[in-house]
Amino acid sequence: MTPIIAPSVLASDFANLQLEVEMLNKSQADWLHIDIMDGRFVPNLSFGFPVMEGIKRYAQKPMDVHLMIVEPEQYIEQFRAAGADTITVHYEACTHLHRTLQQIKATGAKAGIALNPHTPVALLEDVISDADMVLLMSVNPGFGGQKFIENTYRKIEALKNLIIARNSKALIEIDGGVNQHNAPLLLEKGADVLVAGSFVFSSADPLQTIADLKSSSK
Ligand SMILES: O=C(CO)[C@@H](O)[C@H](O)COP(=O)(O)O
C-alpha cells in the first residue's frame with residue numbers, strides 16, 4: 001500500500017504561504033499537515049484561525065490539523081469551520097478523551113489521537129475503536145527539525161497489534177524527524193501516514209522529495 005504523505009506546513013516559508021500551498025497542490029502530497037501550538041501544551045506558538053483560513057483558501061487537499069493545545073474541546077467546531085478535515089487532539093491534553101472524539105466526529109471531521117513520545121500505546125486500549133487515526137510523535141512536540149526518536153518503531157508495532165486486536169480501522173500517523181532514510185522501516189512496521197516538515201521544505205526540490213517519500217516501499 002502506498003503511504004499517505006502529509007507535509008507539515010509549519011516548516012514552509014510563511015512569507016510565501018500561498019506559493020507553498022500551490023506547490024503542495026501540484027505535488028504528490030495527499031494531505032496538508034497543520035500544526036497548532038498554544039505556548040501552554042508545548043513551549044512554542046505557531047498560528048491560529050486566520051492563517052489556517054488563508055491556507056484553506058488555496059489548498060486543494062485535505063487539511064490534517066494537529067492540535068498541540070490544552071483544552072482542545074473549546075475550539076473543535078472553530079477548527080472544523082476553518083477547514084479541518086481531520087482533527088487530532090493529544091491524549092495528554094484531554095481529561096474526557098472519549099467525549100472529545102465524539103465531539104470531533106459530530107462536526108463531520110475525522111478524529112485523531114496524538115501520543116507524546118513518553119506515553120504508552122497501551123493507554124489507548126479502551127478508546128482505539130473510537131479513533132480514525134493515532135498520531136505517534138516521533139520527536140517531542142513543539143518544534144520542527146528535531147532528531148527522530150528510535151523507540152517509535154517499537155511503538156508502531158505495539159499500536160498495530162492493538163488496532164488488530166480491537167478490530168479498529170485507525171490509521172497510524174508518524175510525526176517528527178521523518179525522512180527518506182527512516183520512511184521504509186516506518187512503513188514496514190505499520191505506519192500509514194508520514195508527516196514531514198523540514199525534510200520536505202528544506203530540500204532543494206520539495207516536489208521531488210515528496211515524490212520520493214510517496215514511493216518509499218512498505
Ligand atoms: O508536530 C510537529 C512538531 O511539534 C511536527 O509536525 C513537525 O512540524 C514535523 O517537522 P519535522 O520534524 O518533519 O521537521
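**View 1. Glu71, a partly exposed residue.** With 15 C-beta neighbours inside 10 Å, Glu71 counts as partly exposed. A residue is buried if 20 or more other C-beta atoms lie within 10 Å of its own, exposed if 12 or fewer, and partly exposed in between, with C-beta atoms placed from the backbone. Glu71 is not a glycine, yet has a positive phi of about 45°. Glu71 sits in the loop between β3 and α3 (76–81); helices (H or I, at least four residues) and strands (E, at least two) are DSSP runs, numbered from the N terminus. This is a predicted model, in which local features need pLDDT of at least 70, side-chain atom pairs count only at pLDDT 80 or more, and totals for chains, interfaces and linings use all residues. Residues are numbered from 1 along each chain as its sequence is written.

**View 2. Asn167, an exposed residue.** Asn167 belongs to the loop between α5 (152–165) and β7 (171–175). Although Asn167 is not a glycine, its phi is positive, about 55°. Within 10 Å there are 8 other C-beta atoms, so Asn167 is exposed.

**View 3. The shell around the ligand.** The ligand is surrounded by 23 residues, a residue being near a molecule if its C-beta atom, placed from the backbone, lies within 6 Å of it. The closest are Ser8, Pro141, Gly144, Gly197 and Ser198. At least two shell residues each come from β2 (32–37), β3 (63–68), β8 (193–196) and α7 (198–201).

**View 4. The chain around these sites.** Eight helices and eight strands make up the secondary structure of the chain. Of its 218 residues, 46% are buried.
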